[in-house]
Amino acid sequence: MKKAFSIGILFVPLLFFGQSKFNQFIAQKFVLEGVKNYYKEDYSSAVRSFNKAVDLNPTNRDVYVFRADAFYQLDQYDFALHDYDAALQVQGESAEIYYRRGMTFERLGLYREAVRDYDFALEQEPNFVKA
């Protein structure tokens, strides 16, 4: 009985909001799971959770940033760059994302690109302390 009740609660958003909102609702569960794994320093599990969230809701900028940060921690800088780029496409300009992408370029030895992103972060927010 308890399981049937849980399944019923899970489908309530589908009935009231439609498939798109339902996907966002379920994606949020995976985002929270990914963040929890990230802070436990289980970056591989975090990436898997964020992958599921992106599959369900590819327009959530924060998921791309979270996943990029997890890839960065795993020294998978090319994947991190891809996700920082995706986050910028979804949201537009963000000093924080340009800064993080700059750090990633720096790790790859692409110093010119890193400086360009750090400078752009400062253009977006002149008081941005990290850059």
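Okay, quick start: a residue counts as buried when its relative accessible area is under 20%. Keep that in mind, and remember that what we're looking at is a predicted model.

Is S49 buried or exposed? Its relative accessible area is 2%, so S49 is buried. And what does the side chain of S49 make a polar contact with? That would be the side chain of E33, at 2.6 Å. If we skip the neighbours within four places in sequence, S49 is in contact with F30, E33, G34 and N37.

Next up, two loop residues. Most residues other than glycine have a negative phi. Now look at E41, in the loop between α2 (19-39) and α3. E41 isn't a glycine, yet it has a positive phi of about 65°. E41 is also exposed, with a relative accessible area of 59%. Then there's D75, in the loop between α4 (61-73) and α5 (77-91). Its phi is positive too, near 60°, and D75 isn't a glycine either. With 51% relative accessibility, D75 counts as exposed.

The axes of α6 (residues 95-107) and α7 (residues 111-124) come within 8 Å and cross at roughly 165°. Angles over 145 degrees count as roughly antiparallel, and therefore that's what we call α6 and α7. The crossing of α6 past α7 is left-handed. Who makes the contact? On the α6 side, the residues include Y98, M103 and F105, and on the α7 side, Y111, Y118 and F120 are among them. Across that whole contact, you get 10 nonpolar residues, two polar and five charged.

Note on methods. Residues are numbered from 1 along each chain as its sequence is written. This is a predicted model: local features need pLDDT of at least 70, side-chain atom pairs count only at pLDDT 80 or more; totals for chains, interfaces and linings use all residues. Side-chain values use heavy atoms; hydrogens and water are left out. Axes are lines fitted to C-alpha atoms, for helices over the stretch in contact, and angles run from 0 to 180 degrees between N-to-C directions. Helices (H or I, at least four residues) and strands (E, at least two) are DSSP runs, numbered from the N terminus. Angles under 35 degrees count as roughly parallel, over 145 as roughly antiparallel, 65 to 115 as roughly perpendicular and the rest as oblique. A crossing is left-handed if the near helix is turned anticlockwise from the far one by less than a right angle, and right-handed if clockwise. Contact means heavy atoms within 4.5 Å. Ala, Val, Leu, Ile, Met, Phe, Trp, Tyr, Cys and Pro count as nonpolar, Asp, Glu, Lys and Arg as charged, and the others, Gly among them, as polar. Buried means under 20% relative accessible area, exposed over 50%, partly exposed in between (1.4 Å probe, protein chains only). A polar contact is a pair of N or O atoms within 3.5 Å; within protein, one must be able to donate a hydrogen and the other to accept it, and residues adjacent in sequence count only if both atoms are side-chain atoms.
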